[in-house]
Amino acid sequence: MRLPAALLTTALLTTALLTSALFALPVAAQEDPIQTTIRNQLTALGQDDFITAFSFASPTIKGLFGTADNFGSMVRQGYPMVHRPGSVKMLELREVAGNLWQRVMITDLEGRTHLLDYQMVETADGWQINGVQLLPSVGVGT
């Protein structure tokens, strides 16, 4: 029995979509807890609660900075848009070379938009931030 071409095409497309959805599931399943971790850290930073903000950092980051005060100083000096964000929008979560990266768009209090990539690691304490990269600005006049 031969299937009509339209039915066969529909079946193949459905199979392809289901397969791609299944392969995307592991990354997508992590999206909510990862975004919650980032949002919680941003909230703590906005309240100058560097102890809580530091608790969302990975063991590697904690080892680099040693104390919440050192971490807070680094954020204030190097990432003012993270310390005092105007608005935050979570963009895509993706896997690169086995690492999960959450892209975040932050508009600072002066209206400038910044793109950042947060590298996330899963630890015994849940998802933690293992590094943040400020992406180069692209736009008119840059």
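Student: Which residue just after helix α2 takes a positive phi?
Tutor: This is a predicted model, in which local features need pLDDT of at least 70 and side-chain atom pairs count only at pLDDT 80 or more, while totals for chains, interfaces and linings use all residues. Residues are numbered from 1 along each chain as its sequence is written, and side-chain values use heavy atoms, with hydrogens and water left out. Most residues other than glycine have a negative phi. The residue just after α2 with a positive phi, about 55°, is Asp-48.

Student: Is Asp-48 buried or exposed, or in between?
Tutor: Asp-48 lies in the loop between α2 and α3. Buried means under 20% relative accessible area, exposed over 50%, and partly exposed in between (1.4 Å probe, protein chains only). With a relative accessible area of 39%, Asp-48 is partly exposed.

Student: How far does helix α2 reach from its first C-alpha to its last?
Tutor: Helices are DSSP runs of H or I with at least four residues, strands are runs of E with at least two, and both are numbered from the N terminus. Helix α2 covers residues 31-46, which makes 16 residues. The expected span of a helix is 1.5 Å times one less than its number of residues. For α2 the expected value is 22 Å, and the reach is close to it, at 22 Å.

Student: Which residues of α2 are buried?
Tutor: The list of buried residues in α2 includes Gln-35, Thr-37 and Gln-41.

Student: How many aromatic pairs does a search of the whole structure find?
Tutor: Rings of Phe, Tyr and Trp (its six-membered ring) pair if their centres lie within 6.5 Å; planes under 30 degrees apart count as stacked, over 60 as edge-to-face and the rest as tilted. By that rule, the number of aromatic pairs in the whole structure is two.

Student: What is the angle between the planes of Phe-54 and Phe-71?
Tutor: The centres of these two rings are 5.3 Å apart, and the pair is tilted, with its planes at 40°. Phe-54 lies in helix α3 (residues 50-55) and Phe-71 in helix α5 (residues 68-78), so the pair ties together parts 17 residues apart in sequence. Phe-54 is buried at 9% relative accessibility, and Phe-71 is buried at 5%. The angle asked for is 40°.

Student: Why is the pair of Phe-65 and Phe-71 given its class, and what is that class?
Tutor: Phe-65 is partly exposed, at 24% relative accessibility. The centres of Phe-65 and Phe-71 are 6.0 Å apart and their planes stand at 75°, so the pair is edge-to-face.

Student: How many bridges join β1 to β2?
Tutor: Two strands pair if DSSP finds at least two bridges between them. Strand β1 (residues 85-96) runs antiparallel to β2, and Met-90 stands opposite Val-104 in β2. The number of bridges from β1 to β2 is nine.

Student: Which residue takes a positive phi in the hairpin of β1 and β2?
Tutor: This hairpin has two residues between the strands. The residue in question lies in the loop between β1 and β2, and at 79% relative accessibility it counts as exposed. Its phi is near 50°, and the residue is Ala-97.

Student: In β3, which residue is the bridge partner of Arg-103?
Tutor: Seven of the ten residues of β2 are buried, so this strand is largely enclosed by the rest of the structure. Eight bridges join β2 (residues 99-108) to β3 (residues 113-123), and the two run antiparallel. Within β3, the partner of Arg-103 is Asp-117.

Student: How many residues lie between β3 and β4 in their hairpin?
Tutor: Strand β4 covers residues 126-134 and pairs with β3 in the antiparallel sense over eight bridges. Leu-116 stands opposite Leu-134 in β4. The number of residues between β3 and β4 is two.

Student: What is the volume of the largest pocket?
Tutor: On a 1 Å grid over the protein atoms alone, a pocket is an open set of points where a 1.4 Å probe fits, with protein on both sides within 12 Å along at least five of seven lines; lining residues have an atom within 4 Å of a point. Grid points are joined across faces, edges and corners, and a volume is the space filled by probe spheres set on the points. For the largest pocket, the volume is about 190 Å³.
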